[in-house]
Amino acid sequence: MSLSDTVKKHPQKPTSQLCAVTLLGNLVATPDIRYRANPATAITEIVLATSSKWLDKKTNKYKEWTSYHHVKVEGELVEQALLHANKGDIILLHGYLSNIKPTTDDKNARHQGIVHADFVQKFSKGYTQAINQIHCSAQLVSEPKLMLTEQNKNICQANIVINQHIYNTEKQTWQTLSVERVIHVWGKQAQYLAEHGNIGDDLMVEGKLSYTNGVNKEQFIEVKNMHLFKDA
């Protein structure tokens with residue numbers, strides 16, 4: 001059964017849910033700014049790089065992992081913050097997850113998942129400690145699956161739906177946007193979700209945006225903290 005079939009079988013709750021993404025990183029390339037007519041609106045899609053470091057206990061050395069986030073920016077935000085932005089500039093942005101498919105020059109690449117910015121601030125080039133955070137409330141739409149990694153660590157995977165109340169600048173109206181994502185939960189929280197989580201339950205999630213390896217680069221949420229609310 002596909003995720004879309006699961007969602008149809010278990011209808012989403014009508015309540016609006018939280019989805020807040022905060023990123024601080026470096027521009028991978030100078031923005032290509034275009035203008036949409038009726039009404040005339042600036043629009044661009046940028047790629048932001050955020051890096052994180054962790055200690056590899058086997059080698060006792062630090063390793064670094066870089067994530068590349070596709071971000072859509074439109075309207076006054078483009079002209080206020082990105083009109084004179086260049087490759088390598090530091091960008092702070094806030095936004096939400098979207099169903100828009102990022103554009104790419106590589107026809108074989110399919111980057112699944114994009115952030116729609118509603119706040120952007122530019123800083124000059126330089127070193128900065130990257131930020132990659134997401135806070136969201138959501139609904140479970142698949143049964144959690146508990147697995148054991150090669151390092152004997154528990155990981156639980158599940159599908160969630162986030163129903164967001166957002167303002168569509170193109171249509172100039174408020175609308176509900178439903179976004180589907182996979183979450184990865186580790187350790188004791190993984191075991192708890194696997195034992196107690198059921199389709200229809202509500203979740204509160206704090207974590208970061210990650211992407212699978214390979215061509216698809218599918219976006220998922222790496223969970224740091226999770227709160228499970230049982231469906232009444």
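Guide: Start with pairing: two strands pair if DSSP finds at least two bridges between them. Strands are DSSP runs of E with at least two residues, and helices are runs of H or I with at least four, both numbered from the N terminus. This is a predicted model: local features need pLDDT of at least 70, side-chain atom pairs count only at pLDDT 80 or more, and totals for chains, interfaces and linings use all residues. Residues are numbered from 1 along each chain as its sequence is written, and side-chain values use heavy atoms, with hydrogens and water left out.

Visitor: How many helices and strands does the protein have?

Guide: It has three helices and 12 strands.

Visitor: What makes S11 and S12 a pair?

Guide: The rule asks for at least two bridges. S11 and S12 have 10, in the antiparallel sense, so they pair. Within this pairing, Val205 stands opposite Met226 in S12. S11 (residues 202-211) also pairs with S7, again antiparallel, over six bridges. There Ser137 stands opposite Met204 in S11.

Visitor: What does Gly207 touch, beyond its neighbours within four places in sequence?

Guide: Contact means heavy atoms within 4.5 Å. By that rule Gly207, in strand S11, is in contact with Asn132, Gln133, Ile134, Glu222, Val223 and Lys224. Lys224 is 17 residues from Gly207 in sequence, yet their C-alpha atoms are 4.7 Å apart.

Visitor: Why is Gly207 called buried?

Guide: Buried means under 20% relative accessible area, exposed over 50%, and partly exposed in between, with a 1.4 Å probe and protein chains only. Gly207 has 10%, so it is buried.

Visitor: Why is Phe229 called partly exposed?

Guide: Phe229 has 45% relative accessibility. That value falls between 20% and 50%, so the label is partly exposed. Phe229 lies in strand S12 (residues 219-229). Leaving aside neighbours within four places, Phe229 is in contact with Asp201, Asp202, Leu203 and Met204. The C-alpha atoms of Phe229 and Leu203 are 5.9 Å apart, although the two are 26 residues apart along the chain.

Visitor: How do you know that Lys122 and Asp89 form a salt bridge?

Guide: A salt bridge needs a side-chain nitrogen of Lys or Arg within 4 Å of a carboxyl oxygen of Asp or Glu. The closest N and O atoms of Lys122 and Asp89 are 4.0 Å apart, so the pair qualifies. Lys122 lies in strand S6 (residues 114-123) and Asp89 in the loop between helix H2 (76-82) and strand S5 (90-98), so the bridge ties together parts 33 residues apart in sequence.

Visitor: What makes Arg36 and Glu74 a salt bridge?

Guide: Their side chains meet at 3.0 Å, N to O. That is within 4 Å, so the label holds. Arg36 sits in strand S2 (residues 34-36) and Glu74 in strand S4 (residues 61-74), 38 residues apart. Both are buried. The whole structure has three salt bridges.

Visitor: Why is Thr44 called buried?

Guide: Thr44 has 1% relative accessibility, under the 20% limit, so it is buried. Thr44 is in strand S3 (residues 41-56). Beyond neighbours within four places, its contacts include Pro31, Val71 and Leu82. The Thr44 side chain also reaches the backbone oxygen of Asp32 at 3.0 Å.

Visitor: What share of the protein counts as buried?

Guide: Of its 232 residues, 41%.

Visitor: What is the mean pLDDT of the protein?

Guide: pLDDT is the predictor's confidence in each residue, from 0 to 100. The mean is 87, and 88% of residues reach 70 or more. Over residues 1-12 the pLDDT is below 50.

Note on methods
A polar contact is a pair of N or O atoms within 3.5 Å; within protein, one must be able to donate a hydrogen and the other to accept it, and residues adjacent in sequence count only if both atoms are side-chain atoms.
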